Amino acid sequence: MSLLASRSGRTLGVALIVVAAALAVAIVFASGDDGTDDGNANGGGDRSSTDTAAESELPAAIDAGGGLRLVPRAAVPGATTLSAVADELRLTDTARGVRYAVDRRTFESPAPVAYSALSRIERSVPDPATGQRWVAEETRLHRLDDTGAVVDTISLEVPGAIHSVADGAVWLTVSGVPEAHQSGTARSYLQRVDTATGEVISVPLDDPATFRFALGSGAAWVTVGRTVHRLDATTLEATGEVPLDEPASSLVVHDGVVMVTATTSPPHLVRFAADTLEPLATIDLGAGAIGDAAVVAGPGGDELWVLRPDDDAIVRVHLADGSTAEVGVPAPLRIEVDDEGVAWVLAGGDDTVVHQVE
């Protein structure tokens, strides 16, 4: 297959691990869920060194049409990433090296905290099924108890950020890791760590930049260049592939359908059946650059929301009939759906705000 070099075992080589470990700090800073090892399992660093979030009046709610609104919940100046973890919305300002944690129940105005001041438990990601918490640090994956103490540690093939904990595994991804034995090349990696046995399966992907990953319909899905690959969710063996006209900007699996937004001219949404890989309708998204995407539950049925950061807009695609509508939203950067099905949008340019879709 074109996507995989060779299946990675525990013999990638010392040189690769050394190079990858040197990149770990940059990798960690790019993820909203992990941080550097400050040598303290339960904390460390100077939280007082970071300034508090600027107090500002939140903007008015945005009418998205069809009975939905984007309701501003918290100001998060400088934030560029968004993830929903347990009861928190985690947002990061990578330029300053700080993270915000917004409580989804209270929406109290958060103060930014330096990565170095975050404890392991604050950086951890819980397993929804068992409550166990996991945190990745360079080439180590730690399982924590309720106090944040390390219960056991698993060695990873390469450093990675935790994408999710689901289906009995911790899933980690990383893009652009140099291959020590191939000068001038770089790869992305998908790693699956079995939460029961600790087995690590690492898959190198020949795509240093546009790699996308999703879980759904009993499989793992990755994009590599102009191809979507279906992988067995336990073994990560390839079980099928679908060609694309251009590299993907987003990958979403929902209700037995795989949806890929492609950066064609104009951009379009490609849909195909997850079980048979048969193509379904292709939908024109209109001119302009596109970004993140997620499924949002609307009053009239599920919709795919596709962000247009450069055009101050979100395209709503009604999945039942393929119709589209555009909503004016200032500089939408990220969209995330939490484990309760609530959608959140980070938007606003210099004055970023996290909005709840309701």
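Val-295 stands opposite Leu-304 in strand β24, where strands are DSSP runs of E with at least two residues, numbered from the N terminus. The structure is a predicted model, in which local features need pLDDT of at least 70 and side-chain atom pairs count only at pLDDT 80 or more, while totals for chains, interfaces and linings use all residues. Residues are numbered from 1 along each chain as its sequence is written, and side-chain values use heavy atoms, with hydrogens and water left out.

Strand β23 (residues 293-298) runs antiparallel to β24, and six bridges join them; two strands are said to pair if DSSP finds at least two bridges between them. Two residues lie between β23 and β24, which form a hairpin.

On its other pairing, β24 is joined by six bridges to strand β25 (residues 313-318), again in antiparallel fashion. Within β25, His-318 is the bridge partner of Glu-303. This pair of strands also forms a hairpin, with four residues between β24 and β25. In that turn, Asp-312 has a positive phi of about 55°.

How many of the eight residues of strand β24 are buried? Six of the eight residues in β24 (residues 301-308) are buried, so the strand is largely enclosed by the rest of the structure. Buried here means under 20% relative accessible area, exposed over 50%, and partly exposed in between, with a 1.4 Å probe and protein chains only.

Elsewhere, Val-125 belongs to strand β7 (residues 125-126). Val-125 counts as buried because its relative accessibility is 8%. Between Val-125 and Ile-162 there are 37 residues of sequence separation, and their C-alpha atoms are 7.6 Å apart in space.
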